Amino acid sequence: MSKAIETKSVQVQEIAGKFEAAASVVVVDYRGLTVAQVTELRKQLREAGVEFKVYKNTLTRRATEIAGIEGINEFLTGPNAVAFSNEDVVAPAKIINEFAKKNEALEIKAGIIEGTIASVEDVKALAELPSREGLLSMLLSVLQAPMRNFALATKAVAEQKEEQGA
């Protein structure tokens, strides 16, 4: 095997590993963005723990076949960048969607959400969800509401008894 083929084979295995390990993946077309804009997007994604890479489409297609998600291959045409998130499912979609609203040159093509191919609409819907912390705070407030209401009712009954006794 030649050195170039060996190098590409290693790179395909690396990309396949990233697809398999990722909680979510977003594929974007970055044509028309300036270097400064791409740098800003990379910075925002890096701060959220998201890896943003540009790979050759042929290598990416081979990697998706190895990972068993070749349904995304139809979107791998033209210049693409791929955002991988191993931890937070929502982070790449949210950051890229917000960035795309400000910079129309960035186009979301598709995504993979926990192993399932997602359309542009699915990725945008995921981006509109509150963050993990926001969802946890909503859950906490829902769980606290019955106790708060019980405490208020108990206090009202106690005050009423006091008034009747006085």
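Residues are numbered from 1 along each chain as its sequence is written. In this predicted model, local features need pLDDT of at least 70 and side-chain atom pairs count only at pLDDT 80 or more, while totals for chains, interfaces and linings use all residues; side-chain values use heavy atoms, with hydrogens and water left out.

Colleague: Which residues does Leu41 touch, not counting residues up to four places away in sequence?

Modeller: Contact here means heavy atoms within 4.5 Å. Leu41 is among the residues that touch the most other members of the largest core. Its contacts beyond that sequence limit are Phe52, Ile95, Ile96, Phe99 and Leu106.

Colleague: In E5, which residue is the bridge partner of Ile112?

Modeller: Strands are taken to pair if DSSP finds at least two bridges between them. E4 (residues 107-113), with five of its seven residues buried, pairs in the antiparallel sense with E1 over six bridges, and Ile112 is the E4 partner of Val25. E4 also pairs in the antiparallel sense with E5 (residues 116-118), over three bridges. In E5, the bridge partner of Ile112 is Ile117.

Colleague: In the hairpin of E4 and E5, which residue takes a positive phi?

Modeller: The hairpin has two residues between the strands. The residue with a positive phi, near 50°, is Glu114.

Colleague: Is Lys18 buried or exposed, and which residues are joined with Lys18 into one network?

Modeller: A salt bridge is a side-chain nitrogen of Lys or Arg within 4 Å of a carboxyl oxygen of Asp or Glu. Lys18 is buried at 15% relative accessible area; the closest N and O atoms are 3.5 Å apart in its salt bridge with Glu14 and 2.5 Å apart in that with Glu51. Lys18 lies in helix H1 and Glu51 in strand E2, so this pair ties together parts that are 33 residues apart in sequence. Salt bridges that share partners join Lys18 into one network with Glu14 and Glu51.

Colleague: How many residues apart are Lys101 and Glu98?

Modeller: The side chains of Lys101 and Glu98 form a salt bridge, at 3.5 Å from N to O. Glu98 is partly exposed, with 37% relative accessibility. Both residues lie in helix H4, about one turn of the helix from each other, and their separation is three residues.

Colleague: What is the relative accessible area of Leu143?

Modeller: Leu143 has its place in helix H6 (residues 132-165). Leu143 is exposed, and its relative accessible area is 56%.

Definitions and conventions. Core = buried A, V, L, I, M, F, W, Y, C linked by side-chain atoms within 4.5 Å. Buried < 20%, exposed > 50% of the residue type's maximum accessible area, 1.4 Å probe, protein only. Helix = DSSP H or I, 4+ residues; strand = E, 2+ residues; numbered from the N terminus.
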